[in-house]
Amino acid sequence: MTLDAAEPLAIDPLLDDPGTRIIVCCGSGGVGKTTTAAALGVRAAERGRKVVVLTIDPARRLAQSMGIDSLDNTPRRVKGVEGDGELHAMMLDMKRTFDEIVEAHADPDRARAILSNPFYQSLSAGFAGTQEYMAMEKLGQLRARDEWDLIVVDTPPSRSALDFLDAPKRLGSFLDGKFIKLLMAPAKMGGRAGMKFLNVGMSMMTGTLGKLLGGPFLHDVQTFVAAMDTMFGGFRTRADATYRLLQAPGTAFLVVAAPERDALREAAYFVERLAADDMPLAGLVLNRVHGSAASRLSAERALAAAESLEELPDPTDPAAENPAENLDDRRIVDQEAGKAGDRGSSDASPHAVASHVHISNADASHARASDAEAAGARAGIDPDQVGPDRMDPDQVGPDRKDPNQESVERLTAGLLRLHAERMQVLAREQRTRDRFTALHPEVPVAEVAALPGDVHDLAGLRTIGDRLAAGGPPAGAA
């Protein structure tokens with residue numbers, strides 16, 4: 001089965017549908033999620049929708065490509081967008097989002113206590129899973145405001161694409177875990193009974209953590225837990241609500257991958273996970289797909305032609321290029337088909353010898369030209385397109401030697417080898433895509449041809465959007 005059997009992914013109908021309110025771009029790291037999300041946002045805005053793109057990419061490529069100096073936790077209008085729509089962009093500030101939650105759901109005194117707590121500051125700045133959870137929180141906030149027609153989410157650059165979906169469950173497990181309950185117990189029990197419980201139940205852990213993290217650590221954690229106790233239920237409630245929002249019909253997941261084994265394996269896991277959780281999958285975006293305008297020339301034929309060109313006689317070799325220099329009184333020159341009786345005749349004058357050598361060089365030049373032309377023909381190369389002097393035998397000889405002939409042959413051989421490498425890449429990508437399609441033939445696919453450089457402006461994002469909308473493989477793709 002080949003990728004041609006997969007249904008093409010229709011991007012424009014997805015963007016134009018007013019029922020589509022959230023598009024989540026997910027996938028493993030380094031496959032182009034940020035660029036894909038930005039390109040979708042630009043295209044949707046220029047087709048008349050009011051769009052906000054939420055990125056969690058710390059590299060700030062989205063801001064640069066949209067001509068914004070910097071992005072923060074507040075949506076900013078992008079200038080230069082054509083059409084009747086609007087485009088806003090923002091980058092998740094994980095700590096600020098956590099602070100906003102605390103400020104919104106705690107009274108001022110408790111909020112100040114929480115925000116100043118050292119354990120909270122560490123948790124909000126980099127606790128495992130916090131970034132993914134805060135991305136879910138911010139998505140819920142944006143959707144609740146009902147200010148945008150479409151929200152495009154660029155998921156965090158996690159080691160695993162599944163971290164985004166697992167974040168609410170992991171945070172809930174943390175809040176409901178034995179460690180948190182144990183820390184909350186003394187505050188709930190109060191007085192000496194609580195201290196006795198703490199001393200009996202946590203003596204070994206206290207000693208170990210005290211050595212590793214310092215004496216005040218447990219006090220900071222317990223103070224944080226006590227202050228957050230009333231908010232834990234709110235975290236779980238909002239996480240569950242956002243999870244249901246991701247399952248709603250107005251949400252569409254786009255799995256982004258590159259035509260590489262690891263990326264497509266991760267994409268296959270994500271497709272299966274979305275199906276298991278009843279989340280709507282729109283399709284697969286396959287980025288950086290290679291193609292060739294000369295795909296009819298196989299890698300094997302290109303390599304064979306390159307080897308033929310490289311085996312041609314070296315025109316700069318003195319023995320091959322100017323054999324007259326090897327003729328002196330100590331050498332023997334066969335004349336008249338090598339008849340020994342003529343070796344001492346008067347016809348062997350310097351003029352006659354020079355004439356004979358010139359004719360021999362011309363014949364050698366014709367032979368080299370014929371070999372090169374034959375090699376080029378096998379490679380599908382028209383000698384008339386290489387250059388007017390490419391096959392001219394008169395340019396090689398003792399009097400006139402073409403210094404470009406060898407360089408042209410070497411260049412041609414090098415280009416043939418590069419083409420062979422490109423065809424091998426195409427074949428490898430095709431095998432990888434076929435494996436994914438065999439596993440998930442029901443998943444629509446849009447391919448985006450590899451660009452020669454990075455995308456760094458709105459024009460580049462429009463180009464990506466056009467290629468996404470086209471959806472088909474690049475010219476010459478296997």
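A residue is called buried when its relative accessible area is under 20%, exposed when over 50%, and partly exposed in between (1.4 Å probe, protein chains only). Keep that in mind as we walk through this predicted model, in which local features need pLDDT of at least 70, side-chain atom pairs count only at pLDDT 80 or more, and totals for chains, interfaces and linings use all residues. Residues are numbered from 1 along each chain as its sequence is written, and side-chain values use heavy atoms, with hydrogens and water left out.

Let's start with methionine 231, which sits in helix 11 (residues 216–247); helices (H or I, at least four residues) and strands (E, at least two) are DSSP runs, numbered from the N terminus. Methionine 231 is buried, at 3% relative accessibility. Leaving aside residues up to four places away in sequence, methionine 231 touches Ile101, Val102, His105, Ala106 and Ile114, where contact means heavy atoms within 4.5 Å. Isoleucine 101 lies 130 residues away from methionine 231 in sequence, yet their C-alpha atoms are 9.3 Å apart.

Strand 6 (residues 251–257) and strand 7 (residues 281–289) run parallel and are joined by five bridges. Phenylalanine 253, for example, has leucine 281 in strand 7 as its bridge partner.

Finally, leucine 411 in helix 17 (residues 404–439) is exposed, with a relative accessible area of 54%.

Technical notes. Pairing = 2+ DSSP bridges.
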